[in-house]
Amino acid sequence: MFDNISFANPDFFWLFLLLPLAIVWYIFKQTEQTASLRISSVKGFTYSSILPKLKPGLFILRLLALGAMIVALARPQTEDISTRTKTTKGIDIVMAIDVSSSMLARDLKPNRLSALKDVAADFIKKRPNDRIGIVAYAGEGYTKTPITTDKSIVLNALSEVTYGQLEDGTAIGMGLATSVNRLKDSKAKSKIIILLTDGVNNTGFIEPQTASDLAIEFGIKTYTIGLGTNGNALSPIAYNADGSFRYGMRQVEIDEELLKDIASATGGRYFRATDNESLEEIYDEINKLEKTEVEEFKYYRYEEKFRLWVLLAGGLLLLEWILRNTLFRSFV
């Protein structure tokens, strides 16, 4: 009965202080009105009716009626709140993911590509109001999914990103240019590329500098992430006879200067992720830096409940009046 109940006039609850005062007054009045008669014996005066003992119940009914009236004055009501959100400043984001063979290195657990996909999936789930697309690149780049608000499509596409779908290599310029192409016609207030690589640009027919200039021309901010430990990492070095990779220690080489230049020129930032934890922190930082403006509209609907308490008070007073003028008429 009292779930989700609020009171429009809670100040009226101070009136409950009148109840103990009324009880004190009633006790005093009853004591004052009680008459006494000294007799040698009460034999012949004994009255077996229980009604006189129940007479204080009339006063209790009045107290309950007064309490109900006080609650009614406080105006109990239920509150129903509905909300509607409206995105006022949307962000379009393309995640450019390096899928070259070096992304299978095991300096991140279980490997770089799997660690990235887990962190990127969490990032996508935290951006419910943005459009997100995925570009995969190695020796060339292609759009895995265009920008969309349907996060199930994006997450499914991300889960399908794997090594072996493209010619091996690291074409940073191709990955960045393909991402720019997905965003250049966007009408969003803010356009973002998150470009991740673990190597050095070594192939592709579009130079990273050219792709960076395109991003600047279309007002696209680029965050770059260099992925890999400092030093050596257990990486694919050759194929076994069954087609699987043979692993060995290899020097981690990331063109950090290039990534810094791209980020700086486009208004973004460069990050270095050396383990799973730092990769998570980087995506959390980007999530904080790029905030989507959302307006929330709240609608309140109140349903008054005081009428029930008024009826209760009236019913109690009516019951008290009926009892006073019927059963207790000879004792009032």
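At what angle do helix 4 and helix 5 pack, and how far apart are their axes? The angle is about 175°, and the axes are 10 Å apart. Helix 5 covers residues 151–160. Angles over 145 degrees count as roughly antiparallel, so helix 4 and helix 5 are roughly antiparallel to each other.

A word of caution before I go on. This is a predicted model.

Now the residues in that contact. Helix 4 brings K117, A120, A121, I124 and K125. Helix 5 brings K151, V154, L155, L158 and S159. By class, that gives six nonpolar, one polar and three charged residues.

Helix 4 has another partner to show you. Helix 4, residues 112–125, also packs with helix 9, residues 276–289. Here the angle is about 25°, with the axes 10 Å apart. That makes helix 4 roughly parallel to helix 9. The crossing of helix 4 past helix 9 is right-handed.

Which residues make this contact? From helix 4, they are A115, L116, V119 and F123. From helix 9, they are N276, L279, E280, Y283, I286 and N287. Sorted by class, the contact of helix 4 with helix 9 has seven nonpolar residues, two polar and one charged.

Next, the backbone. Most residues other than glycine have a negative phi, and most peptide bonds are trans. Two spots are worth a look on screen.

K109 and P110 are joined by a cis peptide bond, with omega about -5°. P110 sits in the loop between strand 3, residues 91–98, and helix 4.

Then go to R75. Its phi is positive, near 55°, and R75 is not a glycine. R75 lies in the loop between helix 3, residues 56–73, and strand 2, residues 76–89.

Now the whole chain. There are ten helices and eleven strands. Of the 332 residues, 39% are buried. Take the contacts with a separation of 6 or more: 80% of them join residues 24 or more positions apart.

Last, the annotation. An unreviewed UniProt entry gives "transmembrane region" for residues 12–28 and 306–323. What does the model show there? Residues 12–28 are 65% helix and 0% strand, with end C-alpha atoms 27 Å apart. Residues 306–323 are 100% helix and 0% strand, with end C-alpha atoms 26 Å apart.

Conventions. Residues are numbered from 1 along each chain as its sequence is written. This is a predicted model: local features need pLDDT of at least 70, side-chain atom pairs count only at pLDDT 80 or more; totals for chains, interfaces and linings use all residues. Side-chain values use heavy atoms; hydrogens and water are left out. Axes are lines fitted to C-alpha atoms, for helices over the stretch in contact, and angles run from 0 to 180 degrees between N-to-C directions. Helices (H or I, at least four residues) and strands (E, at least two) are DSSP runs, numbered from the N terminus. Angles under 35 degrees count as roughly parallel, over 145 as roughly antiparallel, 65 to 115 as roughly perpendicular and the rest as oblique. A crossing is left-handed if the near helix is turned anticlockwise from the far one by less than a right angle, and right-handed if clockwise. Contact means heavy atoms within 4.5 Å. Ala, Val, Leu, Ile, Met, Phe, Trp, Tyr, Cys and Pro count as nonpolar, Asp, Glu, Lys and Arg as charged, and the others, Gly among them, as polar. UniProt positions are given in the numbering used here, feature names are shortened, and annotations may be inferred rather than shown by experiment. Buried means under 20% relative accessible area, exposed over 50%, partly exposed in between (1.4 Å probe, protein chains only).
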